[in-house]
Amino acid sequence: MSLFNLFNKTEKETPPPAYKVAQEWHYHTRPGEEESTLKITKIEYYTGVGCIIHIAILNVNIQNPQHPNGLKEILHIPIAEVALRKSTTKLKDDRCELPDYEFGFVHWKNLYDEEKAGYFDTPVHEIVNYLESGTFENN
């Protein structure tokens, strides 16, 4: 921003795009997973928390110790909107077919209501690394 613009703001920031269910997004992926995308499956608002967006991550190559053949998709991940905004790069499709995420969502929702589960507040590529580590399965 120039000194002139500091006092006479004529430029306006473009507001971030609104997330909607059934959108498919490109995101900052891990190296070698550039074809990976994510789909928005559900959007919820919680008092004191804000917006939690439920996503499915597709076309990944997760080598998890509990899954010897690897995982190519993760059908349910709850993530804070602010973390998702730091991850997404470009809208691929505004109206995509949703994967079968409901089982994972219902399981998460039951645990969340019992205060036994949370949501991610880190970028998507870090979530994929975490899932690959397998450390969550020891909890």
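In which order do the five strands of the open sheet lie, and in which sense do they pair? The legends below take up this topic and then turn to single residues. The model is predicted, so local features are given only at pLDDT of at least 70 and side-chain atom pairs only at pLDDT 80 or more, whereas totals for chains, interfaces and linings use all residues. Residues are numbered from 1 along each chain as its sequence is written, and side-chain values use heavy atoms, with hydrogens and water left out.

**View 1. The open sheet has five strands in the order β4-β3-β2-β1-β5, with antiparallel pairing.** β4 and β5 (88-93) stand at the edges with a single partner strand each, so that one side of each lacks a neighbour in the sheet. From one strand to the next, the twist averages 35°, where axes are lines fitted to C-alpha atoms, for helices over the stretch in contact, and angles run from 0 to 180 degrees between N-to-C directions. Strands (E, at least two residues) and helices (H or I, at least four) are DSSP runs numbered from the N terminus, and two strands pair if DSSP finds at least two bridges between them.

**View 2. Strands β1 (residues 24-27) and β2 (residues 37-46) run antiparallel and are joined by three bridges.** Within this pair, His 26 stands opposite Thr 37 of β2. Helix α3 (residues 102-113) packs on the sheet, where α3 touches β2, β3 and β4, and its direction makes about 35° with that of β2. Helix α4 (residues 124-133) also packs on the sheet, touching β1, β2, β3 and β4, with its direction at about 55° to that of β3; contact means heavy atoms within 4.5 Å.

**View 3. β3 and β4 form a hairpin with two residues between them.** The pairing of β3 with β4 (residues 67-80) is antiparallel and extends over eight bridges. His 54 lies in β3 (residues 50-64), and its bridge partner in β4 is Pro 78.

**View 4. His 54 is buried, with a relative accessible area of 0%.** Buried means under 20% relative accessible area, exposed over 50% and partly exposed in between, with a 1.4 Å probe and protein chains only. Leaving aside residues up to four places away in sequence, His 54 touches several residues, among them His 76, Ile 77, Phe 105 and Trp 108.
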